[in-house]
Protein chains: 2
Amino acid sequence: MSEYKVITISRQFGSGGHEIGEKLAARLGIPLYDNQLISMAADELGYTKESVERADESSLDSFMAAYSVTPMSYTNFISTASYMPSLDVRVFRKQSEIIRSLAQKGPCVIVGRCADYILRDKADLINVFICAEKEDRIRRIAERYGLTEKKAAERIRKTDRERKFYYETYTGLEWGSIYSHQALLNASLLGIDKIVDLLETVYRA
Amino acid sequence: MSEYKVITISRQFGSGGHEIGEKLAARLGIPLYDNQLISMAADELGYTKESVERADESSLDSFMAAYSVTPMSYTNFISTASYMPSLDVRVFRKQSEIIRSLAQKGPCVIVGRCADYILRDKADLINVFICAEKEDRIRRIAERYGLTEKKAAERIRKTDRERKFYYETYTGLEWGSIYSHQALLNASLLGIDKIVDLLETVYRA
């Protein structure tokens with residue numbers, strides 16, 4: 001693979017991981033990739049953005065209901081391709097191709113999408129996971145989406161459950177574990193700006 | 001508190017956390033404090049080093065056997081001082097005083113001893129926990145102490161159990177959790193030298 005530095009950011013919903021990615025990319029003058037990847041994959045596959053998104057991360061509920069599976073049983077499951085809803089796997093493969101080609105084109109920040117796993121053999125990968133205290137995440141999501149704290153807490157639970165399922169399904173690794181990432185960073189204790197500083201210094205080192 | 005920067009390193013046994021602390025302190029030209037703290041506490045209390053060590057981290061087995069407690073029940077336990085073996089609490093308090101006074105004297109690296117918790121209100125604290133893959137830890141301990149892999153694995157289990165008990169007893173926080181530390185760093189994925197580089201850049205920032 002190329003020698004461009006790539007920073008992958010996985011994150012709990014509401015932890016500020018996306019904001020960290022944006023600030024970092026802006027400061028380093030390099031691109032940030034996130035849900036755009038879905039659109040790019042969709043375009044190349046000839047699907048509409050909406051149908052791909054439905055088949056993507058957000059398909060958890062219908063998928064689990066239809067197949068009565070848990071993330072861990074699904075990990076075995078995925079190796080027997082005939083049982084897999086084909087769109088999911090095609091989208092994931094396409095996204096993986098796109099992520100690998102972006103990482104070869106130049107330095108960048110990639111948020112989510114199992115990019116840390118897809119690029120795991122890359123020498124110059126910086127791979128972090130951002131966490132925050134539950135109260136801080138609830139406050140953040142409630143403010144951003146104009147929700148009550150109760151609704152915000154519900155959305156956090158649901159979104160993190162979907163992210164965990166998506167990540168563990170495609171990687172076979174544990175989501176949010178230190179054994180799946182080079183570093184876990186606590187945004188409540190460090191603060192968003194200090195994490196941006198930290199990642200900038202690591203990137204420039 | 002003073003404005004000196006202090007780096008606290010908590011670590012799994014065999015993760016290389018102590019080596020990271022040594023290399024970092026040498027590179028920054030600042031002192032490293034670890035088990036010396038026991039001796040200092042012992043001297044001030046007028047106990048021999050050996051009796052303090054026995055009453056310290058390594059007292060877990062006899063303590064748990066005598067009181068039939070688990071770390072979490074013991075956390076409640078500790079608030080009722082009359083049930084506590086008095087030497088433990090006296091040593092911990094003395095160590096806490098010493099750690100606070102060292103942190104006010106100048107910048108330093110402190111390995112273990114719940115220093116992250118004792119200094120938690122300090123503005124310029126850098127507080128990390130070092131992990132590594134089990135196989136790497138076993139290899140490291142087997143080499144260092146000339147043990148078989150089986151014996152090394154046993155010693156790791158025992159030592160980490162003691163560290164967990166010690167940390168959780170005195171802090172009420174979960175040992176090795178991202179919610180107890182600013183950052184968890186994976187020495188197997190990052191490598192010891194890269195972690196030293198990283199902490200150096202954070203310290204100098």
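## Overall picture and confidence

Chain A has 205 residues, of which 40% are buried. Among the contacts in chain A with a separation of 6 or more, 73% join residues 24 or more positions apart.

The model has an ipTM of 0.78 and a pTM of 0.80. For chain A the mean pLDDT is 82, and 75% of the residues reach 70 or more. In residues 63-85 of chain A, however, the pLDDT is below 50, although this stretch has 18 contacts in the model beyond near neighbours in sequence. Where pLDDT is low, the predicted coordinates should not be read in detail.

## The relation between the two chains

Two copies of a chain are related by a rotation about an axis and a shift along it. Here, chain A is superposed on chain B by a rotation of 180° with 0.0 Å of shift along the axis, and the RMSD is 0.0 Å. This is the relation of a two-fold axis. The residue of chain A that comes closest to the rotation axis is L184(A), whose C-alpha lies at 2.5 Å.

The contact between the chains takes 17 residues from chain A and 17 residues from chain B. On the side of chain A that touches chain B, the elements giving two or more residues are β5, α10 and α11 of chain A. The residues of that side divide into eleven nonpolar, four polar and two charged. Because 100% of the interface residues of chain A are also interface residues in chain B, the copies meet through the same surface.

## Helix α11 of chain A

Helix α11 of chain A, residues 192-204, has 13 residues and reaches 18 Å from its first C-alpha to its last, close to the 18 Å expected at 1.5 Å a residue. Its buried residues are I195(A), V196(A), L198(A), L199(A) and V202(A). They cover an arc of only 165° around the axis, which puts them on the same side of α11(A). An α-helix has 3.6 residues a turn, so residues three or four places apart point the same way. On the other side of α11(A), D193(A) and R204(A) are exposed.

The cover over the buried residues of α11(A) includes β1, α1, β4, β5 and α10 of chain A, together with α11 of chain B.

In chain B, helix α9 has 23 residues and reaches 32 Å from its first C-alpha to its last, close to the 33 Å expected at 1.5 Å a residue. The buried residues of α9(B) include R163(B), F165(B), Y166(B), Y167(B) and E168(B). The helix is followed by G172(B), whose phi is positive, near 70°.

E174(B) is placed in the loop between α9 (149-171) and β5 (183-186) of chain B. This residue counts as partly exposed because it has 15 C-beta neighbours inside 10 Å; a residue is buried only if it has 20 or more, and exposed if it has 12 or fewer. Leaving aside residues up to four places away in sequence, E174(B) touches E168(B), Y179(B) and S180(B). The C-alpha atoms of E174(B) and K164(B), ten residues apart along the chain, are separated by 7.9 Å.

Most residues other than glycine have a negative phi, and most peptide bonds are trans.

| Residue | Phi |
|---|---|
| C114(A) | near 55° |
| R113(B) | near 65° |

C114(A) lies in the loop between β3 (108-111) and α7 (115-118) of chain A, while R113(B) lies in the loop between β3 (108-111) and α7 (115-118) of chain B. C114(A) counts as buried because it has 24 C-beta neighbours inside 10 Å. R113(B) is also buried, with 26 other C-beta atoms within 10 Å.

## A residue in helix α1 of chain B

E22(B) belongs to helix α1 of chain B, residues 17-28. With 15 other C-beta atoms within 10 Å, E22(B) is partly exposed. Its C-alpha atom is separated by 12 Å from that of I7(B), 15 residues apart along the chain.

Note on methods. Residues numbered from 1 in each chain as written. Chains lettered and ligands numbered in written order. Predicted model: local features only at pLDDT ≥ 70, side-chain atom pairs only at ≥ 80, totals over all residues. Least-squares fit on C-alpha atoms with pLDDT ≥ 70 in both. Contact = placed C-beta atoms within 7 Å. pLDDT = per-residue confidence, 0-100. Helix = DSSP H or I, 4+ residues; strand = E, 2+ residues; numbered from the N terminus. Expected span 1.5 Å × (residues − 1). Arc of directions from axis to C-beta. Nonpolar A, V, L, I, M, F, W, Y, C, P; charged D, E, K, R; others polar.
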